[in-house]
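Subject: The model we talked about

Hi,

Here is the structure I promised to pass on to you. Have a look at it first, and my notes follow below.

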Amino acid sequence: MSTDAPTTALLRGSAVGAVSTALAIAAHGLAGGDVPPASALTLLIAVCSAVGAITGTLPVPTRGPQPLIAALGAGQLAAHTTMTLSVHSHSPSPGLAMLGAHIVATLVCATLVLAAERLFGVVTRVVQVVLSAPAMPVAALIRRFPTTHHLGPNGALLRAGISPRGPPALA
């Protein structure tokens, strides 16, 4: 199933940027952090958008699961670094639990993005088929039989009772 490659690349890049941003904010909240200030959120969104834009411009051969996992990992690293420099008070080097959580989140998000790409291909194909014009116009499919005369609304009843057979021939 072929979808438009630039559109799929935009979908992947947007997903990587959005997922990186959402994971950074969610992880910050789950770690007990307060709502980040507007300046930290603005910087986080800018950094994750840049990671998404870079991911969206990757050439076609590098669009498998491994480059996606690498892009999501880079997005999480960039988001974590941004949050550490602007908000967090802990050490910039992550502990084993945090590193494990980042790895699991990267794999889950990569699976979700790949599933979204497949569904995007299916949905765009269905929309394309539904919205495309039929191969033959509907008027060409309708058979028209010439009638010699119009008998009105009772014509069907009259036609059913009239037989093409004549009286017996005299020998």
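Leaving aside residues up to four places away in sequence, Val113 touches Ala15 and Leu68.

The mean pLDDT of the protein chain is 76, and 68% of the residues score at least 70. Among the elements, helix α2 (residues 38-56) has the highest mean pLDDT, 88, while helix α5 (residues 138-141) has the lowest, 60. Where pLDDT is low, the predicted coordinates should not be read in detail.

Now the overall picture. The protein chain has 6 helices and 0 strands, so the order from the N terminus reads α-α-α-α-α-α. Of its 171 residues, 22% count as buried. The chain exposes about 12000 Å², and carbon and sulfur atoms supply 72% of that area. If we take the contacts with a separation of 6 or more, 82% of them come from residues 24 or more positions apart.

Helix α4 turns up again in the charged pairs. A search of the whole structure finds 1 salt bridge. Arg12 forms it with Glu117, and their closest N and O atoms are 2.5 Å apart. Arg12 lies in helix α1 (residues 5-30) and Glu117 in helix α4, so the pair ties together parts that are 105 residues apart in sequence. Both Arg12 and Glu117 are buried. As background, side chains of opposite charge can pair when their charged atoms come close.

Two further pairs are worth a look on your screen. Ile103 lies in helix α4 and is partly exposed, with a relative accessible area of 48%. The C-alpha atoms of Ile103 and Leu72 are separated by 9.7 Å, although the two residues are 31 residues apart along the chain. Gly73 is in helix α3 (residues 65-86) and, at 28% relative accessibility, counts as partly exposed. Between the C-alpha atoms of Gly73 and Ala105, 32 residues apart along the chain, the separation is 9.2 Å.

Which residues form a nonpolar patch on the surface? The patch is made up of Val122, Val123, Val126, Val127, Val130 and Leu131, and together they have about 550 Å² of accessible area. One of them, Val126, lies in helix α4 (residues 96-131). Val126 has a relative accessible area of 48% and is therefore partly exposed, as that value falls between the cut-offs of 20% and 50%.

Last, the cysteines. How many disulfides does the structure hold? The count is 0. Cys48 counts as buried, at 0% relative accessibility, and Cys109 counts as buried too, at 10%.

Best wishes

Note on methods. Residues are numbered from 1 along each chain as its sequence is written. This is a predicted model: local features need pLDDT of at least 70, side-chain atom pairs count only at pLDDT 80 or more; totals for chains, interfaces and linings use all residues. Side-chain values use heavy atoms; hydrogens and water are left out. Helices (H or I, at least four residues) and strands (E, at least two) are DSSP runs, numbered from the N terminus. Buried means under 20% relative accessible area, exposed over 50%, partly exposed in between (1.4 Å probe, protein chains only). Contact means heavy atoms within 4.5 Å. Accessible areas come from the Shrake-Rupley method with a 1.4 Å probe; for residues, only the protein chains shown count as cover. Patches are made of residues with over 30% relative accessible area and no salt bridge: like charges are joined within 9 Å, nonpolar side chains (Val, Leu, Ile, Met, Phe, Trp, Tyr) within 5 Å. A salt bridge is a side-chain nitrogen of Lys or Arg within 4 Å of a carboxyl oxygen of Asp or Glu. A disulfide is a pair of cysteine sulfur atoms within 2.5 Å. pLDDT is the predictor's confidence in each residue, from 0 to 100.
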